[in-house]
Amino acid sequence: MNILFAILIAGALVGLNVWLYAANKKTPVPEGCENLKPDCRGCGITDCSLRAKVENREEAK
Amino acid sequence: MNLFTLFLSALLINNVILSKFIGMCPFLGVSTKLSSAIGMGVAVIFVIFGASVLSWALYYYALVPLELQYMKLICFILLIAAFVQFVEMFIKKNSPSLYKSLGIYLPLITTNCAVLYVALDNVTQKYNLIETMVNSIAVSAGFMLVLVIFATIRERLAASDVPEAWKGNPIAFVVAAIMAIAFSAFAGLV
């Protein structure tokens, strides 16, 4: 019985994550924040997804 | 435990970065500019507080009654990730100005181990809700305090004449070590 509850709780949390992720993606970015980008010069985390996006955008230009 | 002692202990004596060596990645990564450090620090305080209270409630109202305490790690990770998504969505909808200053840092916090550390520490130490709230605010404020101090030092270091081999992370680690020694002097405070 406990295993069932464990699966239910884990499943519910995964479902919540997926739902919130989708809802967050659908939520429009506020006006004036469309081109918001991190200042990657101030950061040493080189494998960050945000950094990759900014670098790709700059390369495309 | 006295709440003031708990606060002071988590803020200075058992500082999450300089004493526990947790959250070193943003400590070194987002500390080269003061403005980035302040943005990250405020976002961390907000997320740690919210995630700690939620994970405490999940643990004591769902996992303990069902005897599923062994699931706390996976549950807390999922809860923190979901909470960060929710906070980002909420800020996007309701406060564009806040989104402008914090939005960039929110996704990075999902992978900040300090958030998970506080959530796990609260249940391991068997804190009640009030103690959980005080501890989470103190730990995150300690994180921001050290991050901001470190950022101001690194901004000055950037303009200093540092030997070539010591530039960047090497001198940052030396500074962090000196800061850790200085913070260890707070041990006799309580």
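Two residues are in contact if their C-beta atoms, placed from the backbone, lie within 7 Å. I also took helices as DSSP runs of H or I of at least four residues, and strands as runs of E of at least two, numbered from the N terminus.

**Before starting.** I kept in mind that this is a predicted model: local features need pLDDT of at least 70, side-chain atom pairs count only at pLDDT 80 or more, and totals for chains, interfaces and linings use all residues. Residues are numbered from 1 along each chain as its sequence is written, while chains are lettered from A and ligands numbered from 1 in the order in which they are written.

**Chain A.** I looked up its secondary structure and found 2 helices and 0 strands. Of its 61 residues, 8% are buried (20 or more other C-beta atoms within 10 Å of a residue's own).

**A against B.** Next I checked the contact, which takes 28 residues from chain A and 31 residues from chain B. On the chain A side, helix α1 (residues 2-26) gives the largest share, 13 residues. I sorted that side by class and got 19 nonpolar, 7 polar and 2 charged residues. Here Ala, Val, Leu, Ile, Met, Phe, Trp, Tyr, Cys and Pro count as nonpolar, Asp, Glu, Lys and Arg as charged, and the others, Gly among them, as polar.

**Start of chain B.** In helix α1 of chain B (residues 3-13), I found B:Ser9, B:Ala10, B:Leu11 and B:Leu12 buried. The buried residues of α1(B) pack against α8 and α9 (169-184) of chain B.

**α8(B) and its partners.** The axes of α3(B) and α8(B) come within 9 Å and cross at roughly 165°. That makes α3(B) roughly antiparallel to α8(B) (over 145 degrees). I counted 20 nonpolar, 6 polar and 1 charged among the residues of this contact.

Helix α7 (residues 113-124) of chain B comes within 10 Å of α8 (residues 129-158) of chain B, axis to axis, crossing at roughly 150°. These two helices are therefore roughly antiparallel as well. From α7(B), the contact uses B:Ala114, B:Val118 and B:Asn122; from α8(B), B:Thr132, B:Asn135, B:Ser136, B:Val139 and B:Phe143. I noted 4 nonpolar, 4 polar and no charged residues there.

**One residue up close.** Leaving aside neighbours within four places in sequence, I found B:Ile80 in contact with B:Ala51, B:Thr110, B:Val115, B:Leu116 and B:Ala119.

Key:
Axes fitted to C-alpha atoms, helices over the stretch in contact; angles between N-to-C directions. Parallel < 35°, antiparallel > 145°, perpendicular 65-115°, else oblique. Buried ≥ 20, exposed ≤ 12 C-beta atoms within 10 Å, placed from the backbone.
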